[in-house]
Amino acid sequence: MRALMNQRFLTLAVLAVVIGILPFVFPSSYYFRVASLVWVSALAAIGLNILMGQAGQVSLGHAAFFGIGAYAVAIGPVHLGIPSWAALLLGAGLSALLAFLVGRPILRLKGHYLAIATLGLGVLVALVITTESRWTGGPDGMPVERLTLFGWRVSGSYTWYWVTGGLLLIGTWIALNLDDTPTGRAFRALHDSEVAAQVVGVDVARFKLQAFVIAAVYASLAGSALAFMNGFINPDQAGFLHSVELVTIVVLGGLGSVVGSIVGAAVLITLPQVLTVFHEYEHLLLGLIIIVSMIFMRSGIVPTLSSLFLRKARS
Amino acid sequence: MAEFLQFLISGLTVGAVYALVALGFTLIYNASGVVNFAQGEFVMLGGMVTVFASALGVPLPLAALVAIVVAMVIGLLLHRLAIEPARGASAVTLIIITIGASILLRGLAAIVFDKQFHKLPAFTGDTPVDLLGAAIQPQSFWVLGGAAVVVLALYVFLEHTLLGKAVLATAANRLAARLVGINTTTIMALAFGGSAAIGAIAGILVTPITLTSYDVGTLLALKGFAAAMLGGMGNPVGAVVGGLLLGLLEAFGAGYLSSTYKDAFAFLVILIVLFAAPQGLFGRRVVERV
Amino acid sequence: MSILKAADVGISFGGVKAVDGVSFSVSPGQILSIIGPNGAGKTTLFNIVSGVYTAGRGTIHLAGEDVTGMAPHRLAARGLSRTFQNLQIFQRMTACENVMVGRHLREKCSLFPALFRLPSVTHQNRETRAAALDLLAYVGLKDVADVPAGSLPYGACKRLEIARALAAEPRVLLLDEPAAGCNAVETEEIDHLIRQVADRGVAVVLVEHDMKLVMKISDRILVLDRGRPLAEGTPREVRDDPKVLEAYLGQHGAREAARA
């Protein structure tokens, strides 16, 4: 118990230190932009990891909620005339509502049927965004008004580095909190054995739905943050490939590991930036690295490495 | 009537391609339990290799054969180098591996070939055939006929050859199959090779109608996966019916309702079907044993 | 006064009547054993009673209330708990956490305090953990409280399941082969455990193959054969019933046993 608490504070402290130190070694604003992208992706992945790693329910359409968050802050101020911060809340609310409405029937499905249903949901949302160009600018995307909070215009890659870093810290804190609570235990229990969870009184459908809604809100907030940060948004953010990227971050980093999602995001977001020096070989190498790391670290980077260290420490 | 027939034929044509991709999914899934998201890449390879081989002056039938062989080799390599080493990993880990393979193959195709759209000439000319007032592309008949031949051949193989029965036995129960002396690793390799060939054939048949490029695989994999699930995962008949159904839905949806939401109908119907029948149309209802 | 009462319960799978017209009732503090040859429908009956399967016919009453077809988690809230024949422990959680999940219904479980880790959550956690540790001590697993359940030996997992079921403070406890795969000493321990639980006023329904254990601790025994009730009575009555011997040993065996 105490060890667990310490581990939680330690994780948060290390993360805070990393976020605080990086600016001293970053040579240009480009680095701030990439790092912010990592923080945002990690935030979405941590949410998805609550659904996939804790509650054991796969979602291949999670970018839909990312897209809803992103487009809410783009559309809200322009078409509805509401302030940016309200649009952010509206997006999170819409994502939660959608997850709540479709979650019950979808989460009754298991395994690959759940995968295709969530995938279908993601494709549908992305299609609506691409098609309703009067609102969304269609396939070309649309610009996003800068966020203004209490008269402070939040802009610049340096500012956004801190904002997204702060969001990630809060998101990490909440995800770590959840672990050792009745809710978190119910998630992990239904992951291991639904029937055993049921007979001790866990309302499996309710908790799956809770995990789905939490994950949707995380993704939505991450989407809004990215939209503000970039000042521009296009349908790719809601598309299937982005869903796959989020799942890959979660699995690559380690299912069920909060730190894993951050490490996974760092690897998968910075890798293509590094690989651009290889020009046309970029995708080839990206695919290769995903395959090789999944073969040799099948439970994910962080769980594999930490069990390796533990074994070393013991011997 | 003519319009209806037009939609029907074009729906069946597209549906036949989805059916072949779904069949490839099913074959691999049954033999190994892996959902192979690189399935669409086999279709892409079938089209692209044929295009580039015939551009080098190779006659079309020979170019098609080369394409099928190349796809099969890639399928076998995928099994040997990526799936086999990860044996025993969780389902979601294996899915990520096949997604990685799909990214890799797409990247490879972009380097070896290019990023342009390519077309193959129709096998027997472009003059539409008039069928009760509907103008049908002759290539449609090639696609439908080709798909029928593949399905029939697969059926004969599975039901009437010893090797085919070994595949079915492996699908039914991998451990039991191994216990009666079936080399399940060979069966899995066979499934990857076979489903790569089926994908490539689909790609060759459909390229004269839909064009091809290095990145056509993703959407095809999605539709094929959807078709397989619609029919009920692991059921070959379900895969074919699911594929044809998906094609028809798209064609009629696009024709009568809205062409911009063509892709939406398929997924909307899948969601509705799964809500009503969580095991797909032909899937068996399994009772959880505890 | 019976607390759990099943009347004329039946279910079929693809035309096969796995359970057909079975009735039983059990009172607080009583131990009812359900025995029968393999495939007699004992576990299926458990699955119906605990809401995992929906009965094709018949009714189930829990504390006077008709609970036929009710979902397992709602039955649990009404005081029914169970263990499983093929272990259903939460492999990736520690032994202690497994039992803590068993306390689920006794905990306040609202989402927002959990997300922001309000003091109430920390406080409740401490209580739940203490209760779980007590139960682990009760079944002799205190030493392995923080070991992942997936790495515990078979016998320990069996007891862990019992501890988890008890954590819900049930009024009715269904135990599916608690002594299967246990050695004589472990079986003895489980014997004591079941007796103690019943003495606290819990109604225990037991499916078990270990006849020595069954004959020793049961108040009543229900014998099933191919889904149908064959006999019911005290251990002595059941043991002397020729139909029971026949079902277990076949006709020839029954004649041999009668002669012996």
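Visitor: What is the bend at a residue here?
Guide: The angle between two fitted axes: one for the seven residues ending there, one for the seven starting there. The model is predicted.

Visitor: OK. Where is the kink in α8(B), and how big?
Guide: At B:Ile204, with a value of about 30°.

Visitor: Mostly covered or exposed?
Guide: Mostly covered. In α8(B), 22 of the 27 residues are buried.

Visitor: What comes just after α8(B)?
Guide: B:Leu211, which takes a positive phi of about 65°.

Visitor: Switching to the interface. How many residues of chain B are in contact with chain A?
Guide: 37 residues of chain B, against 33 of chain A. On the chain B side, α4 (91-112), α9 (217-231) and α11 (262-276) each give two or more residues.

Visitor: Which of them gives the largest share?
Guide: α4(B), with 14 residues.

Visitor: And what classes of residue are on that side?
Guide: The side of chain B that touches chain A has 30 nonpolar, four polar and three charged residues.

Visitor: Where does UniProt put transmembrane regions in chain B?
Guide: The unreviewed entry lists several, including residues 90-113 and 237-258.

Visitor: What is the helix content of those two spans?
Guide: Residues 90-113 of chain B are 92% helix and 0% strand, with end C-alpha atoms 34 Å apart. Residues 237-258 of chain B are 95% helix and 0% strand, with ends 30 Å apart.

Technical notes. Residues numbered from 1 in each chain as written. Chains lettered and ligands numbered in written order. Predicted model: local features only at pLDDT ≥ 70, side-chain atom pairs only at ≥ 80, totals over all residues. Helix = DSSP H or I, 4+ residues; strand = E, 2+ residues; numbered from the N terminus. Buried ≥ 20, exposed ≤ 12 C-beta atoms within 10 Å, placed from the backbone. Contact = placed C-beta atoms within 7 Å. Nonpolar A, V, L, I, M, F, W, Y, C, P; charged D, E, K, R; others polar. UniProt positions renumbered as here; feature names shortened; annotations may be inferred.
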